[in-house]
Each structure stands twice: as structure tokens, then as C-alpha cells.
Amino acid sequence: MQHGRGRAAAIVLAGGSGSRFGAAVNKVYLPLAGRPVIAWSLAVMAAHPQVGPVVLVAREDDLAAATDAVRTVAGTGRIEVTTGGASRQESELAGLRRLAERIADRRVDVVLVHDGARPLLSADLVDRVLAAARETGGAVPGLARHDLVAAGPDGALTGPAPEGLVAVQTPQGFRAAPLLAAYEAAARAGFAGTDTESCMARFAPDVRVRRVDGEGRNIKITYGHDLEVATAVLAGTRPAAG
Ligand SMILES: C[C@](O)(CO)[C@H](O)COP(=O)(O)O
């Protein structure tokens, strides 16, 4: 049963330290083609017909910047800002707790968790993740890698990399109730994962997770030059969303 907007929700994470980027401010609030980095992914989520609530998880110190960024996006009524924790795991949990009531009464059936530092995702990618998550329980975008070799700690090449490696991206989508339960169990166990899938693998191993095709342009702004690449991509193909 669907009432107007879809029953999926999105959590967009903006709490990272950004130490590898090297800027004094949180990289997700730096300008990218006319608005903050974070605003691009918020716009895609807020404009998506299957996504209802969008929860932006921000650091306490960044709440003013987060609110300003939200104002640059159309459909802001759908975006809620909440405070995250010290780690990615705690921030994901904070986002899920914000949605807990809506998950319990089934207004939200699937949750997408997205890195705020990945501004160039497309609505098609959101479609693919949602469809696969609804069908199997979980979905993770991945890009097949054919340019990898194994190397030892001294830098010596030790042979070909195993077959079938994929570079993992976000948004990662899961059915909402098992996702929230897994994060509550992880919190009790003091677990901190590297992404949503790693937590589900440990605390909800019965949930099947399917890889869907990721996107080459869905880069993560990690280092300074990534912002230059994203700027160039947007200069060529500016998405209409937002
Ligand atoms: C989840 C992720 O985007 C997969 O590539 C990545 O691991 C996130 O890393 P971060 O250091 O938490 O931003």
C-alpha cells in the first residue's frame, strides 16, 4: 500500500572527519558547482518518487551548515536534520533511531544509507538499489574491478588479485526492520563496521544481499582532487534533480 510518496527512507551521512581531504572544514559543506557537496545527494533523494523521509545525520558542530545546505534543495520539507555520533556506525544508528517509529508502524519499509560525500549518484541507481532490496532484503552497489593486483607490505607484487572483486559504493539499501534490529544489536555488542553491509553481515547474516551495478561517476569525495573531478563531471552533465 502506497500513500503518495514512497515508503522508502534515506539516511545521508555527513559526520565524517574528512582527515584525508585535508580541509579545515567538513568537506561535505564545501561548494561544488554552486551548492554544498552534501546538497547534491540530498536533492536526488528528496526528488525521488519512492523516497519519503530523508534524514541528514550531521555533527553537532555542523548543524548550522547542515541547515543552510538543506535550504539549497527543493523539497526541503522531506529532509530532517539529526545529530550523529562519533563514528559512522553511531551516525547510522542515530539516523535509524530517528526513523524507528515509522519503521515500527511500517510507514517506512526500506532504508537507503548513503555517504554524503558521494554527490553524483543518479536516480536510476536509487531505483536499482530499492528494487533489489525489496526483492531480496538487501542491496549494495558495486563496480567490477579489473585493474587490481595483489601486493605485499613491502610493495612487491605477489600475483593477480582474486576474481570477482567489486568496489563497493552507496546507497546501500535494506529492509528497514531487520536493519534497525541489526544496528541495535551491534550497539549492544560495541561493534563498529566500515559500512552498512558489514554490520548486516555480522548481525543479520540471514538477510540476502545482492550486488547491483554501481556507477563510475558515483565517486566519493575523499581527497582534494576528487572535488575537481566532481566539478568537471557536473560541468558536463548537470543533473536536473533538485
Ligand atoms: C561505504 C563506502 O562508501 C564504500 O566505498 C566507504 O567505505 C565509506 O568510507 P568512509 O570512510 O566511511 O567515508
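**Helix contacts and backbone angles**

Me: Which elements do the buried residues of α7 pack against?
Reply: Happy to start there, keeping in mind that this is a predicted model. Helix α7 covers residues 196-203, and Thr-196, Ser-198, Cys-199 and Met-200 are its buried residues. The elements that these buried residues pack against are α3, β6 (110-115), β11 (172-175) and α6.

Me: Is α6 roughly parallel or roughly perpendicular to α7?
Reply: Two packed helices are described by the angle between their axes and the distance between the axes. For α6 and α7, the axes come within 9 Å and cross at roughly 80°. An angle of 65 to 115 degrees counts as roughly perpendicular. The orientation of α6 to α7 is therefore roughly perpendicular.

Me: How many nonpolar residues does the contact of α6 with α7 have?
Reply: The axes of these two helices, as above, cross at roughly 80°. On the α6 side the contact is made by Pro-178, Leu-179, Ala-182, Tyr-183, Ala-185, Ala-186 and Ala-189, and α7 brings Thr-196, Cys-199, Met-200 and Phe-203. By class there are no charged residues and one polar, and the nonpolar count is 10.

Me: How are α3 and α6 oriented to each other?
Reply: Helix α3 (residues 88-98) packs with helix α6 (residues 176-189) at about 135°, and their axes are 10 Å apart. The handedness of the crossing is left-handed. Roughly antiparallel would need an angle over 145 degrees. The two helices are therefore oblique.

Me: How many charged residues are in the contact of α3 with α6?
Reply: From α3 come Gln-89, Glu-92, Leu-93, Leu-96 and Arg-97, which meet Leu-179, Leu-180, Tyr-183, Glu-184, Ala-186 and Ala-187 of α6. Seven of the residues in this contact are nonpolar and one is polar, and the number that are charged is three.

Me: Is Asp-62 buried or exposed?
Reply: Asp-62 sits in the loop between β4 (51-58) and α2 (63-71). Leaving aside neighbours within four places in sequence, Asp-62 is in contact with Ala-14, Asn-26 and Tyr-29. Its relative accessible area is 10%, and the cut-off is under 20%, so Asp-62 counts as buried.

Me: What separates the C-alpha atoms of Ala-43 and Ala-74?
Reply: Ala-43 belongs to helix α1 (residues 37-47) and is buried, at 1% relative accessible area. Ala-74 is 31 residues away along the chain, yet the C-alpha separation is 6.8 Å.

Me: Where is the proline of the cis peptide bond between Thr-170 and Pro-171?
Reply: Most residues other than glycine have a negative phi, and most peptide bonds are trans. The bond joining Thr-170 and Pro-171 is cis, with omega about 10°. Pro-171 is found in the loop between β10 (166-168) and β11.

Me: Is Arg-106 buried or exposed?
Reply: Arg-106 lies in the loop between α4 (100-104) and β6, and its phi is positive, near 65°. Its relative accessibility is 64%. The cut-off is over 50%, so Arg-106 counts as exposed.

How values were computed:
Residues numbered from 1 in each chain as written. Predicted model: local features only at pLDDT ≥ 70, side-chain atom pairs only at ≥ 80, totals over all residues. Heavy atoms only, no water. Axes fitted to C-alpha atoms, helices over the stretch in contact; angles between N-to-C directions. Helix = DSSP H or I, 4+ residues; strand = E, 2+ residues; numbered from the N terminus. Parallel < 35°, antiparallel > 145°, perpendicular 65-115°, else oblique. Left-handed = near helix turned anticlockwise from the far one by under 90°. Contact = heavy atoms within 4.5 Å. Nonpolar A, V, L, I, M, F, W, Y, C, P; charged D, E, K, R; others polar. Buried < 20%, exposed > 50% of the residue type's maximum accessible area, 1.4 Å probe, protein only.
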